[in-house]
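Subject: Structure for you to look through

Hello,

Here is the structure I said I would pass on. Please open it beside this email and follow along as you read.

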Amino acid sequence: MALLRVALARCHLPASSCLLPRFTRCQMGTVTQQPAVSVNRLRESGLLKTQGLIGGKWVDAYDGKTIKVENPATGELIANVPFMGKKEAGDAISSAYSTFNSWSKLSASERSKCLRKWYDLLLAHKDDLALLITLEQGKPLKEALGEVAYGASFIEFFAEEAKRTYGDVIPPTQNDRRLLVLKQPVGVVGAITPWNFPLAMIARKAGPALASGCTIVVKPSEYTPLTALAAAELALQAGIPPGALNVVLGNSSEIGDALLESTQVRKLTFTGSTAVGKKLMAGSANTVKKVSLELGGNAPCIVFDDAEIDVAVKGSLAAKFRNSGQTCVCANRILVQEGIYEKFANAFSEAVKNMQVGNGLDEGVAQGPLINEAAVEKVERLVKDATSKGANIVLGGKRHSLGMTFYEPTVIGNANNEMLVCREEVFGPVAPLLRFKTEDEAIRIANDTNAGLAAYIFTQCIPRSWRVSEALEYGLVGVNEGLISTEVAPFGGVKQSGLGREGSKYGMDEYMELKYVCFGNI
């Protein structure tokens with residue numbers, strides 16, 4: 001089955017938008033140029049890997065094809081990486097399969113030590129990893145450092161959880177029997193990861209997979225493969241054996257099909273768009289794979305009359321504009337009760353106005369570029385639709401003078417839930433403000449979507465916090481807080497936002513099978 005370009009996992013964009021032209025000076029203004037020094041630093045650190053990893057060996061595409069990795073802030077070339085396909089993916093799967101028996105037979109303590117060393121190395125190289133993330137993904141360096149810490153936290157957490165995969169003893173129904181439940185690793189895992197968090201999304205999947213005794217084949221986005229390769233290099237240095245972690249990059253359709261068709265791949269985990277997730281789910285049916293999907297969101301952020309304005313503005317700002325609005329849990333719609341609407345809109349717009357846009361390597365930058373031209377075009381389409389239906393631009397609403405794929409932080413007033421900007425996942429720096437009158441109306445508007453990943457509410461009323469949290473049809477709810485993701489809590493959605501959970505003790509179960517054992521004649 002031909003798949004959508006799975007490497008476009010989180011952007012909902014056509015494959016033709018893969019690469020940007022190379023510019024050194026924008027149409028209006030100048031983007032700071034620092035790539036040569038940065039790339040040389042990464043090369044000297046040994047973390048700038050430009051080959052795939054199969055069976056512990058760094059390899060090129062078998063036919064020699066490559067693909068460009070470019071800096072979205074400048075359009076400049078960072079590196080060329082292999083454009084791999086079905087053959088390379090097949091070899092990576094075989095390598096993972098042949099390594100599974102030895103890796104899964106290691107004691108949990110031994111696997112834990114390897115993961116702990118990987119965690120230590122990630123933190124030891126946090127500055128170089130953050131630099132690499134900013135170069136290929138565009139987010140501000142401060143956010144990139146935060147991602148390194150966040151990603152590493154999953155490796156640390158699951159290093160500890162490796163020793164806590166407890167089974168169970170069931171009271172028997174007959175005196176001569178003993179009933180046990182064992183937890184065993186599912187086998188080879190195929191992981192397809194997005195570009196918006198190129199380290200954290202891999203760590204959130206590889207951590208529990210390796211901790212449970214599985215081996216894994218990772219397919220990172222073609223926009224941000226270098227971070228994945230750097231993380232894999234550190235995994236090798238940590239003592240994770242060759243073949244336990246493999247990285248293939250390139251032809252998304254061929255690699256995706258190889259993962260789906262292989263009977264050796266027993267688990268598929270994917271973070272990306274709902275459309276691609278549905279295709280992967282359908283494709284997994286032929287071999288009845290275990291599947292976990294973290295898909296698109298349409299997060300409501302509800303600000304009630306009794307909310308503390310400063311807290312609501314700070315939380316909404318973080319929930320909306322982190323990574324230039326390019327996260328699955330970004331506040332896609334900000335619902336404000338009518339009694340506080342004007343006050344909140346003014347304070348929120350003032351805060352947005354003060355956000356500095358630019359190259360993520362520059363000091364003080366709060367918002368970098370969007371990932372590519374098609375991402376900007378999508379934002380423009382949604383903003384145009386909103387204004388054509390009666391919304392007004394409070395702030396921004398157009399491309400930034402820096403050119404390239406920079407877009408002005410935007411606030412839209414008087415939006416409603418029928419506008420595309422409130423129906424589709426924006427994945428850009430656009431905050432539509434919607435008025436509501438009652439609590440019931442806010443809940444109705446918030447739940448009026450097929451998505452169900454994250455939601456946020458701001459209120460000082462504790463009973464309301466409970467009522468609304470329970471009524472919202474979402475897998476994650478933040479109360480008076482805009483940044484809620486953590487390695488110790490389960491991450492995942494309901495409805496068409498996915499299946500399964502990542503992170504926390506529950507995340508281990510996604511990579512385990514239950515086996516019932518009955519001892520008789522005792």
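In which loop does S324 lie? S324 is found in the loop between α10 (309-321) and β13. I come back to this residue further down.

Before that, a word on confidence. This is a predicted model. The mean pLDDT of the protein is 93, and 93% of the residues reach 70 or more. Residues 1-33 are another matter: pLDDT stays under 50 over that stretch. The model still has 111 contacts beyond four places in sequence for residues 1-33.

Overall form

The secondary structure comes to 16 helices and 20 strands. Along its principal axes, the C-alpha trace spans about 75 × 60 × 40 Å. A compact globule with 522 residues would have a radius of gyration near 24 Å, and the 23 Å of this protein agrees with that. Of the 522 residues, 59% count as buried. If you take the contacts with a separation of 6 or more, 75% of them are between residues 24 or more positions apart.

Strand β14 (residues 392-395) pairs with β15 in the antiparallel sense over 3 bridges. In that pair, N392 has G413 of β15 as its bridge partner. On to the next pair: β15 and strand β16 (residues 430-436) run parallel and are joined by 3 bridges. Here T410 stands opposite V430 in β16.

At the β18 end, strand β17 (residues 454-458) and β18 run parallel, with 4 bridges between them. A455 stands opposite V477 in β18.

Another open sheet has 3 strands in the order β5-β6-β20, with antiparallel pairing. Its edges are β5 (168-170) and β20 (512-519), each with a single partner strand, so one side of each is left without a neighbour in the sheet. The twist averages 25° from one strand to the next. Between β5 and strand β6 (residues 178-185) there are 3 bridges, and the two run antiparallel.

Helix α9

Which residues of helix α9 (residues 274-284) are buried? They are T274, V276, G277, L280, G283 and S284. An α-helix has 3.6 residues a turn, so residues three or four places apart point the same way. The cover over the buried residues of α9 includes β7 (188-192), α8 (252-261), β10 (265-271) and β11 (290-294).

Cysteines

How many disulfides does the structure hold? It holds 0. For C214, the closest cysteine sulfur is in C114, 15 Å away, which is too far for a bond. C214 counts as buried, at 0% relative accessibility. C328 is in no disulfide either, with the nearest cysteine sulfur, that of C330, 8.2 Å away. C328 also counts as buried, at 9% relative accessibility.

S324 counts as buried because its relative accessibility is 2%, and the cut-off for buried is under 20%.

N480 has a positive phi of about 60° too, although it is not a glycine. N480 is in the loop between β18 and β19 (498-499). At 32% relative accessibility, N480 counts as partly exposed.

Regards

How values were computed. Residues are numbered from 1 along each chain as its sequence is written. This is a predicted model: local features need pLDDT of at least 70, side-chain atom pairs count only at pLDDT 80 or more; totals for chains, interfaces and linings use all residues. Side-chain values use heavy atoms; hydrogens and water are left out. pLDDT is the predictor's confidence in each residue, from 0 to 100. Contact means heavy atoms within 4.5 Å. Two strands pair if DSSP finds at least two bridges between them. Buried means under 20% relative accessible area, exposed over 50%, partly exposed in between (1.4 Å probe, protein chains only). Axes are lines fitted to C-alpha atoms, for helices over the stretch in contact, and angles run from 0 to 180 degrees between N-to-C directions. A disulfide is a pair of cysteine sulfur atoms within 2.5 Å. The radius of gyration is taken over C-alpha atoms; the globule rule is 2.2 Å times the number of residues to the power 0.38.
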